[in-house]
Amino acid sequence: MKRHVWYWGLIAPLPLFLAIVYLVPFLGVVRWSVTEPQLGFGNYVRVFTDPLVLSVLWRTLRVCVLVTLATTIMAYALSYIWVFASPPIQRLVEFGVLIPFWISTLTRAFGWLVLLYNRGLINTGLRDLGLIDFPLTLVRNEFGVVVGMTHFLVPFAVLPLVSSMRHLDTRVLTAARGMGASRFHVFRSVLFPMTMPGVVGAALITLIFSLGFFITPAILGGGRSVLVAEFIYVQIFQTVDWGIAGAISVVLMVAVAALIALFIRLTRVEQMVG
Amino acid sequence: MAYRPGPFALALMGLIVVFLLVPLVAVVPISFTPSEYLALPQGAYSLRHYRALVDDPAWGNSALLSLWVGIVASALATTLATAFGIGLWFLQPRLTRLLVGFVIMPMVVPPVISAVTLYFMLTSLSKFAGAIGYDTWPGVVIAHIVMISPFAVVMVLVALSRLDRRIDMAARSCGASVPRRIFSVILPNIRFGVATAAFLSFILSWEEIAVTLFITSTKAITLPRLVWSGLRDNVDPAIAALSVLLILVTIVLMVVITVVRARADRKPAH
């Protein structure tokens, strides 16, 4: 049919373009991992035995879990207010979430650098108040990385949580209050269990995004707290070890794909139940 | 009576909003420092770092390059995404889920893996066609299209999902050709979705740094690439001045969009 030719002519260009410039080159990166410097799985053995690579993977996991926890807690509190507070306060939260959301990664990491470095606003302020004699090391370490990444990810976790809370039947909460439950009790026994699927979804999204994070940790880690993404960059541009860079990329891809599969399965279950 | 949060939750929310906004506010005083390095102005204020943005041609050139790359990449990505979305909407093939899943991959794949992949692609391309490969502006455009088209696709699909199929059926039964149906029926009805897709993909290209860092070195220096170089070595306070300007533009744009959207909501579409 002539019409079908038209329709496929509209559909095809984007997937074809991506297949050529994205999918096929990714297979090229996979090939690096088993051919550079020599044929075999040596690079994969190195990923799981080389103490340097292992320490980077371990640090990445530790930082990402911390970031996921902090992000989910903050996003939960914000979503709760966004959904249930009076309209003027809702608008305040909306702006507080959306302004950082629209500002670039670099600007936001730079803002934290300005606050946290040795002569930064926080150290200067504490010294002027006489609380410290020597500057605290707040940046170019894991602390700075966790703060910066959490700041980046909170808006991404807020949006799914808000949409899950909007679907709640709020009469249940009012009823629990009316029966004399304290606000904390309502949260612990009613609100939190009911929003659990949203919490798991937001936490998984945060974890998926955080694992391959590059810019924020590279700036706030200052080359000392190197996470896996920056490690791959160093392997390609400084050590010129394409094989190990390819192998780590493949391992990271598999981990993220597993998390995405888990996410899809959980949200489907939720749809079937809800 | 509506359920309302208590004082503890409100206080916690206040602290978190401060946490979210404080790094954006912090760059403001730093940008007015008279000193050559990052420091709070001690009594004296200066606009020298704003002047530096104008006087040093590197900033202007990078901004122009980013603007150009953003316009070209967003126009191409939006066109590809709109055609893709409209085609799927017409045909509704069984493969829809698979195709959509495939084209939004760059959105969920960790940016560093996309960066390595596009670095591999562009360095290979450089061997045949140096002008569009590694460290060239067309190369940056190709890479940006990959990274931004998933977002454009999502915007277009959302707009199409709200479209009433009966208006297209009417056009079809009146004998309208496929181009006629696209340009006279579908596009006028999803124009806000397409405009949002174009705007969002421009912003994403304008800000893109993770991939750009892998695929450029000395020639195709976009604005974020230049900021990155300035952040890694001795931090240049001109970056603070630039950040203040970018934050101001963002806030103004947000207010404008909120107002425009509020007006569009008030006026019914037909």
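Helices (H or I, at least four residues) and strands (E, at least two) are DSSP runs, numbered from the N terminus. This is a predicted model, in which local features need pLDDT of at least 70, side-chain atom pairs count only at pLDDT 80 or more, and totals for chains, interfaces and linings use all residues. Residues are numbered from 1 along each chain as its sequence is written, while chains are lettered from A and ligands numbered from 1 in the order in which they are written.

**View 1. Chain A is built from 13 helices and zero strands.** The C-alpha trace of chain A spans about 75 × 70 × 35 Å along its principal axes. Of its 274 residues, 44% are buried (20 or more other C-beta atoms within 10 Å of the residue's own; exposed means 12 or fewer, partly exposed in between; C-beta atoms are placed from the backbone). Two residues are in contact if their C-beta atoms, placed from the backbone, lie within 7 Å. Take the contacts in chain A between residues at least 6 apart in sequence: 76% join residues at least 24 apart.

**View 2. Chain A divides into domain 1 (1-35) and domain 2 (41-273).** These bounds come from an automatic or database domain assignment. The centres of the two domains, taken over C-alpha atoms, are 32 Å apart. Five residues of domain 1 and eight residues of domain 2 form the contact. On the domain 1 side, four residues are nonpolar, one is polar and none is charged. Here Ala, Val, Leu, Ile, Met, Phe, Trp, Tyr, Cys and Pro count as nonpolar, Asp, Glu, Lys and Arg as charged, and the others, Gly among them, as polar.

**View 3. Chain A meets chain B through 70 residues, in contact with 68 residues of chain B.** Helix 2 (residues 13-35) of chain A gives the most to the chain A side, with eleven residues. That side holds 52 nonpolar, 13 polar and five charged residues.

**View 4. A cis peptide bond links A:E36 to A:P37.** Its omega is near -5 degrees. A:P37 sits in the loop between helix 2 and helix 3 (42-49) of chain A.

**View 5. A:R140 has a positive phi, near 60 degrees, and is not a glycine.** The loop between helix 7 (121-128) and helix 8 (142-166) of chain A holds A:R140. A:R140 counts as partly exposed because it has 19 C-beta neighbours inside 10 Å.

**View 6. B:D135, also not a glycine, has a positive phi near 60 degrees.** B:D135 lies in the loop between helix 6 (111-128) and helix 7 (137-161) of chain B. With 17 other C-beta atoms within 10 Å, B:D135 is partly exposed.
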